[in-house]
Amino acid sequence: MTSPVLRLTVNGRPTALDSVPVAERLLDTVRWRLGLKGTKEGCRTGGCGACTLLVDGRPTLSCLTLTHEVEGSGITTVEGVSEDPVGARVQAAFEAVGAVQCGYCTPGFVMTLTGLLKERGSAEAFEELLNDLAGNLCRCTGYASIVRAVAAVREKSP
Amino acid sequence: MTASMRPDARAKVLGQLAFGADLEAPGMLWGALVTAPAAHGHLRSVDLAPARALPGVVAVAAADLGPLLSGRSGDPERPAFPRETVTYRNQPVAAVAAPTLPLAREAAAAVRVVVEPIPAVSDVEAVFPDWPGSDLGASPHVAAHVLARRGEVDRAFREAGTVVRETYRTSSVHPVALEPHVCVAEVHDDRWTVRTSTQSPFGVREDVSSILGVPEESVVVDGAWVGGGFGGKGASFVEPYALLLSRAAGRPVRLALSYREEFLLGRTTLPAVVRMETAVTSGRIVARRVRLLLDVGTSLPGRDFATGYAIGFLLGPYRCPTFEIEGYGVRTNKPPFGPHRAPFAPQCAFVVESHLEHVAREVGVDPLAFKADHLWHDGDTTALGQRVAHFGLPTALEAARGVAEEWRRTAPAGHGVGVGLGFWSTNTPAGGEARVRLTPKELVVVQGEREIGTGSVLVGLAAVAERRTGLPRDRIRIEYADTAHAPYDAGVFGSRTVGALGSAVDQALRNLLATLAERWGGRSPVTLGWENGAIVARAGTARRPVSEFFNAAESEAGALVAEGKHYGQPGTIDESLVVAGTFYPYTDFTGAAHVAEVTVDRETGSVRVVRYAAFHDVGWVVDPLSARAQVEGGVAMGLGTALTEEALWSDDGRLLNPGLVDYRIPTLDEVPPVDVTFVEGFLGAGPFGAKGLGEPPIIPVPAAIASAVRAASGAHVTELPLAPERVARALKSR
């Protein structure tokens with residue numbers, strides 16, 4: 001079952017999609033229909049956070065989101081988040097402190113943290129931020145360098 | 001940290017790198033596996049017709065392989081698909097490919113698989129209720145039996161002042177790389193090409209050749225950025241199935257495991273039971289007896305490496321003149337035993353450290369003093385007769401003891417501080433080769449591995465090249481080539497990359513520098529530098545652009561090429577001590593001492609780790625930030641083994657928690673700050689004395705946590721993980 005045309009704004013660009021099955025997940029639409037593979041597929045059950053992207057600015061698990069649910073919304077992926085000053089600052093902090101090992105979880109962390117900072121502003125308490133990042137899993141870093149990246153972002157916040 | 005020290009960081013934060021999971025090919029089909037509905041049984045039929053009836057679907061199973069492979073046959077003991085008997089639940093019995101993944105999954109579900117069940121074996125203790133004490137050697141369930149002995153063990157136990165006997169149980173743990181196993185296969189004529197997320201392209205080539213019966217020179221394996229390995233991607237997995245599907249379809253096929261399949265089919269560390277017996281007289285260990293019952297899943301008899309390798313870790317890094325160790329690798333109806341970052345060593349360290357701490361308390365001596373008294377020092381020999389050399393663990397332990405004492409003084413009431421030790425064998429003899437290409441502008445290291453995240457390839461090999469040549473890191477580039485073009489290397493596993501492959505790179509560089517020296521009229525030593533926009537050779541105060549040393553052919557090619565190889569020597573053990581089976585020697589000793597501070601909720605048994613310190617014997621620190629990151633990450637992974645991770649198997653071989661919600665790995669809020677200290681100067685066999693650091697950080701963690709839990713609460717827990725119910729039970733039974 002498909003619906004004729006579905007409209008989204010993806011990384012600022014109006015996008016019209018044909019014949020998207022009603023059961024298609026936003027994760028698959030973004031990765032395989034739009035070719036934006038920076039969004040990673042991990043567990044597909046909402047358990048790892050690797051597929052996090054922004055829907056109208058809010059961190060969203062794209063594996064648990066049907067594409068038709070977000071019709072008309074603005075989608076931001078890791079490929080487009082550099083355009084946002086907060087996103088660019090988050091990416092720069094992850095790079096600068098080396099909060100990257102295999103890198104598979106990295107886009108999910110970048111998007112979650114960017115969304116949290118945009119939602120709540122940089123006055124958000126450090127502990128609160130860390131608490132809300134705990135839905136993103138990383139098996140390589142032990143999170144230590146990621147916590148350092150979060151601290152670095154806050155220091156550099158305007 | 002500058003960007004150049006982690007050259008992949010920029011592309012990774014921008015989401016620009018193509019991992020294995022991101023690969024595709026024009027005209028590609030999507031694959032799915034059909035798996036066995038029972039853990040053990042006769043495979044009566046695999047009916048592909050309902051799958052083939054769906055439009056566009058290609059399906060293959062064992063019966064189809066003959067024509068597909070044109071009469072060739074692979075290793076009969078490890079066919080791609082079973083012909084007669086399934087030996088674990090969800091064992092792949094067929095595969096399908098279709099134009100979309102939903103259709104491929106629908107087709108896989110439509111295949112009718114009939115299995116006539118045979119009783120399955122799952123719990124090793126249920127198979128051998130009389131263990132220990134009975135000879136299991138003749139049982140068909142035994143995949144391996146190892147036994148070694150020195151001295152008069154029975155007499156030593158009879159005459160000892162105190163004998164302590166305990167039984168420990170450890171759990172099944174899963175690597176949990178976030179990227180599932182995935183590949184894209186493409187078969188044209190006689191060329192079997194697969195692009196895959198792997199820790200060992202050459203290992204996959206060897207496996208594919210063996211499983212499918214295709215000559216190695218017809219198989220080309222091309223790696224991709226790997227989304228985490230941890231041992232789970234060290235051998236082939238999805239590649240043979242994808243290649244068979246591509247061969248049948250005449251089109252490229254992408255095959256990825258779902259995350260549920262990662263758990264259900266994944267090779268992993270399986271449960272074990274260990275009986276520890278220690279005899280002590282006047283504060284000295286006079287004899288030890290260790291018995292291991294290790295679940296090795298459907299590992300093949302004679303091919304079980306785990307039992308003979310792991311059992312040595314159960315004696316720990318301690319002197320012991322009189323001992324008996326006996327291990328059985330027990331076949332069960334589970335997937336084959338597979339590597340998981342320092343396979344089985346964290347479990348062994350938990351057992352031996354917890355036991356010796358218990359022994360010390362029983363005889364009334366300080367556990368750390370007791371361990372320090374028995375710890376290996378340079379010049380000692382291991383139980384199996386290997387000489388210990390360049391061993392930094394005693395130094396690491398002294399430093400850890402200082403921190404533990406300070407933390408004990410400063411910790412709030414109710415907190416407990418514990419210490420755990422572990423040792424490991426790095427720089428395995430598995431070999432490697434490398435090629436270096438010097439151009440006027442850059443030094444390129446051409447090799448066969450891909451970066452799995454640790455930095456051992458991208459950062460480690462570059463750091464070795466920087467130290468050997470003097471050229472700055474940003475003029476050194478690591479280049480990857482597929483198995484048709486890269487020099488051979490065994491793989492990114494066993495903490496061997498910098499040690500073994502790094503030695504091959506170092507050898508190639510020494511050959512390169514020797515060539516330059518020779519062409520410079522025998523000047524020596526020659527090093528490299530970057531001056532005025534060109535790479536120069538340096539000797540004393542003299543400088544010349546390296547391009548001046550190129551011969552005509554090299555000038556035309558624009559580069560001077562040199563090669564190097566490194567095939568390490570395995571250690572040797574005293575075979576006169578071996579009564580049965582095969583024990584595997586260690587190659588280059590390293591060790592670590594960890595300190596943990598925890599609190600324990602006395603009602604629920606829940607453990608919280610407050611702070612953590614790790615002291616590691618590394619030879620020399622090849623790259624400070626990567627080294628620190630390895631330890632931080634390894635400690636976190638070890639906290640999972642210690643506290644939450646446990647794959648639960650039913651009596652009929654069913655995995656009960658195949659997903660990240662029910663199999664819990666540590667989250668950001670559960671990992672404490674980790675202080676990392678490196679002990680340098682105990683030089684190993686790697687370049688400039690480097691020792692491996694990929695695996696050691698996970699090893700002492702469960703031991704340190706158990707020690708801290710006991711200090712905090714008195715709970716002596718003899719099973720992993722230290723889940724709340726186990727800790728609570730141990731508290732109640734005190």
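**Salt bridges in a predicted model**

With a relative accessibility of 6%, R139(A) counts as buried, because buried means under 20% relative accessible area. This is a predicted model, and R139(A) forms a salt bridge in it with E645(B), the closest N and O atoms lying 2.7 Å apart. Over all chains, the count comes to 59 salt bridges.

**Between chains**
- The pair of R139(A) and E645(B) crosses between chains, running from the loop between α4 (126–133) and α5 (144–155) of chain A to the loop between α17 (624–643) and β27 (674–680) of chain B.

**Between strands of chain B**
- D47(B) and R112(B) form a salt bridge whose closest N and O atoms are 2.9 Å apart, and this pair links distant parts of the chain, since D47(B) sits in strand β2 (residues 41–47) and R112(B) in strand β6 (residues 112–117), 65 residues apart.
- Both residues are partly exposed, D47(B) with a relative accessible area of 25% and R112(B) at 49% relative accessibility.

**Within helix α17 of chain B**
- E632(B) forms a salt bridge with R628(B), with 3.1 Å between the closest N and O atoms; because the two residues are four apart in helix α17 of chain B, about one helical turn separates them.
- E632(B) is buried at a relative accessible area of 2%, whereas R628(B), at 32% relative accessibility, counts as partly exposed.

**A network in chain B**
- Salt bridges link R149(B), D154(B), R165(B), R275(B), E277(B), R289(B), R291(B), E324(B) and E326(B) in a network.

Notes
Residues numbered from 1 in each chain as written. Chains lettered and ligands numbered in written order. Predicted model: local features only at pLDDT ≥ 70, side-chain atom pairs only at ≥ 80, totals over all residues. Heavy atoms only, no water. Salt bridge = Lys/Arg side-chain N within 4 Å of Asp/Glu carboxyl O. Buried < 20%, exposed > 50% of the residue type's maximum accessible area, 1.4 Å probe, protein only.
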